[in-house]
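Let's sit down with a model and learn how to read the places where its parts meet. Bring your questions.

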Amino acid sequence: MKPKAWSWLVFLLGFAYFALPLIGTLEFSLRKRRGEYSLDAYVWVFEDTQFRETFGYSVVMALLTIVFGMLLVVPTAYWVRLRYPRLRPVVEFITLLPLVIPPIVIVFGYIRLYNTSSFLPMTGTTFGTNLLLMFGYVTLSLPYMYRAVDTGLRTIDVRTLTEAAQSLGAGWVTIIGRIILPNVLIAVMSGAFVTFAIVIGEFVLAALLNRPAFGPYMQLIGANRAYEPAALAVIAFTITWFCIGLMQVASRMTPQSRAKRS
Amino acid sequence: MSFLQLDQLRKSFGATQVVRNFDLEIEQGEFVSLLGPSGCGKTTVLRMIAGFEAPSHGAIRVGGDEVTHKRPNQRNVGMVFQSYALFPNLTVAQNVAFGLRVKGAGKAQRAARVAEMLSLVGLVDFGNRYPFQLSGGQQQRVALARALAVQPRVLLLDEPLSALDAKIRVSLREEIREIQKRLGITTVFVTHDQEEALSMSDRIVVMNGGVAQQVGTPHEIYSSPANRFVAEFVGRLNVLDAEVTDPATGRVSVGGTEISMGRPLGAGTVPLALRPEAISLGPAPGHDVSFRGTVDEVQFLGSVIRVGTRLGAAQVLLDTFNRTGRKPPRLGEELEFSFSSVGVILLD
Ligand SMILES: Nc1ncnc2c1ncn2[C@@H]1O[C@H](COP(=O)(O)OP(=O)(O)OP(=O)(O)O)[C@@H](O)[C@H]1O
Ligand SMILES: [Mg+2]
């Protein structure tokens with residue numbers, strides 16, 4: 001075979017690998033009514049109040065995770081690049097830990113550290129538990145967020161821009177808020193997409209902290225019903241991509257990216 | 001008292017001392033260049049004035065206030081970088097307004113000042129552009145406008161022209177000097193380009209190895225270099241080893257040509273230097289020393305012709321104007337050359 005034919009074969013294999021399960025799920029989700037395709041399973045899902053509640057909860061959590069992750073990662077990555085470039089491998093390694101340590105270990109650690117009889121009884125209140133869950137999500141998204149922001153910082157001359165701003169009288173908050181963050185926003189967005197996807201589908205942390213998130217809900221439906229889980233998967237997939245699309249559009253609205261395209 | 005004082009500045013990075021006992025006094029409105037080879041510590045001195053590096057020893061005073069330990073954002077010292085360092089996410093106008101915004105200036109005030117600054121640097125219609133939509137020269141002008149917008153007490157420029165091509169470099173340096181004179185702003189300009197330093201400065205500091213070798217006006221630096229380094233670094237130079245024939249009256253001999261230095265010298269050999277333009281082809285008024293030599297190099301440089309010959313053991317180059325109707329010397333031609341003993345620089 002010619003090289004071109006080979007690359008087509010590989011492409012088709014890859015496409016099948018990704019698309020077949022999706023197509024299969026979609027097809028199955030439409031078969032609730034015997035003998036014909038129908039949207040019955042979807043109707044059931046959308047009428048389920050739990051679906052709306054858990055999905056809304058997870059979306060809010062995802063957005064908060066992105067905001068807090070950004071507040072944590074951007075100044076850290078900036079500071080490391082500016083002042084402690086030699087520490088970069090160390091910090092990078094630390095941010096990679098969540099990939100190596102299973103979430104179950106993290107959540108057990110949290111529960112041990114912050115249970116109701118501990119020095120900081122965060123699990124004692126709903127707010128505290130929500131906070132804990134959000135920080136857990138921030139941790140899980142750290143590897144992607146840090147990498148994305150660090151890559152973004154590489155595209156600008158962090159040190160000289162900082163010095164230019166300083167010589168004009170700017171302090172750290174102004175420098176990070178007006179110069180650094182806007183310049184890495186597009187990179188932050190790509191970290192945000194991944195974070196969003198992680199949080200929407202996350203099961204372990206939410207289940208063990210007993211929060212009404214979308215992950216545990218999916219698991220519950222999956223264990224108890226036949227066609228609805230497939231419909232749910234398709235819906236979740238669509239909404240997630242829709243949200244990511246929205247974030248894309250939002251990030252394109254920044255003056256810099258507008259300028260870059262013109 | 002001078003406006004900007006650097007008092008016994010020292011800076012070490014680890015064990016290496018990069019700036020040694022650096023003293024400098026700059027008057028208000030003066031334009032001073034730091035000139036020296038790569039790695040001699042020019043940028044380090046400038047960064048200490050700006051506050052980006054803390055001196056290991058010594059003091060910095062601006063307008064009588066000690067600023068040695070002040071943070072860079074509290075010094076009100078403007079800086080222009082070689083790499084322009086414009087904020088890529090802000091328009092030209094926003095870049096220029098940045099410092100005013102930080103200071104809390106109102107919108108109307110900012111707009112007025114931005115307009116004033118952009119007209120100063122000749123970029124009135126560029127306010128809405130982004131930095132990447134500008135040429136290098138335009139970007140550097142924006143950087144200058146941005147630094148000047150907050151009316152800094154001192155303006156620092158670190159090789160602002162090195163990233164530009166030759167033609168823009170010359171026109172922009174004239175423009176910078178013009179603006180500096182108009183605003184009367186005290187300026188320190190770092191360069192390794194002697195032509196830049198000579199043409200722009202009120203005074204030049206020639207640096208080497210972290211030490212100020214000589215401080216003086218361009219004319220002083222060029223005509224009476226304080227030492228061999230300055231003489232060789234600034235301008236072209238012919239260096240000749242001369243035999244002292246009469247120590248008491250200062251007569252020396254180079255390859256049989258006698259020169260009177262007019263002052264007592266030690267016995268032995270002394271190094272002498274001659275600028276290429278001090279030597280002329282044939283006799284000339286005031287030239288009391290002449291010698292014959294064979295032309296061994298001819299470089300045609302447009303308005304100037306550079307001719308090489310030998311005097312004693314050393315090759316000497318001389319510059320002569322290209323005049324219409326006169327043929328340039330030919331290689332191998334034997335000619336008479338002359339110079340004035342007053343123009344001979346004694347190196348130590
Ligand atoms: N942060 C630093 N850490 C260690 N050494 C440094 C640092 N900054 C500068 N140096 C050293 O100090 C010396 C002087 O550097 P500096 O940048 O002041 O030179 P310069 O005169 O500006 O040279 P150039 O013309 O190449 O810009 C160099 O040998 C350089 O390697
Ligand atoms: Mg330098």
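## Reading two interfaces

Q: How large an area is buried between domain 1 of chain B and domain 2 of chain B?
A: The size of an interface is often given as the accessible area lost when the parts come together. Keep in mind that this is a predicted model. Here, about 590 Å² is buried between domain 1 and domain 2 of chain B, and carbon and sulfur atoms give 49% of that.

Q: Where does chain B divide, and how far apart are the domain centres?
A: Domain 1 runs over 4-232 and domain 2 over 236-346. Taken over C-alpha atoms, their centres are 39 Å apart. As for who touches whom, seven residues of domain 1 are in contact with six of domain 2.

Q: How many salt bridges and polar contacts go across between these two domains of chain B?
A: The salt bridge count is zero, but three residue pairs are in polar contact. On the domain 1 side, helix H7 (218-223) and helix H8 (228-233) of chain B each give two or more residues. By class, that side has four nonpolar, one polar and two charged residues.

Q: Now for the two chains. How many residues does each give to the contact, and how much area is buried?
A: Chain B gives 24 residues and chain A gives 24. The two chains bury about 2100 Å² between them, with 64% of it on carbon and sulfur atoms. In chain B, the residues that lose the most area to chain A are B:Asn73, B:Asn89 and B:Phe98, together 26% of what that side buries.

Q: Which residues form the salt bridge between chain B and chain A?
A: That would be B:Arg47 and A:Glu163, whose closest N and O atoms are 2.7 Å apart. The count between the chains is one salt bridge, and four residue pairs are in polar contact.

Q: Which element gives the most to the side of chain B that touches chain A?
A: It's H2(B), with four residues. Strand E6 (77-80), helix H2 (92-102) and helix H4 (136-149) of chain B each supply at least two residues to that side.

Q: And what classes of residue make up that side of chain B?
A: Sorted by class, the side touching chain A has 16 nonpolar, five polar and three charged residues.

Definitions and conventions:
Residues numbered from 1 in each chain as written. Chains lettered and ligands numbered in written order. Predicted model: local features only at pLDDT ≥ 70, side-chain atom pairs only at ≥ 80, totals over all residues. Heavy atoms only, no water. Domains from an automatic or database assignment. Contact = heavy atoms within 4.5 Å. Buried area = accessible area lost by both parts, 1.4 Å probe. Salt bridge = Lys/Arg side-chain N within 4 Å of Asp/Glu carboxyl O. Polar contact = N/O pair within 3.5 Å; in protein donor to acceptor, adjacent residues only side chain to side chain. Nonpolar A, V, L, I, M, F, W, Y, C, P; charged D, E, K, R; others polar.
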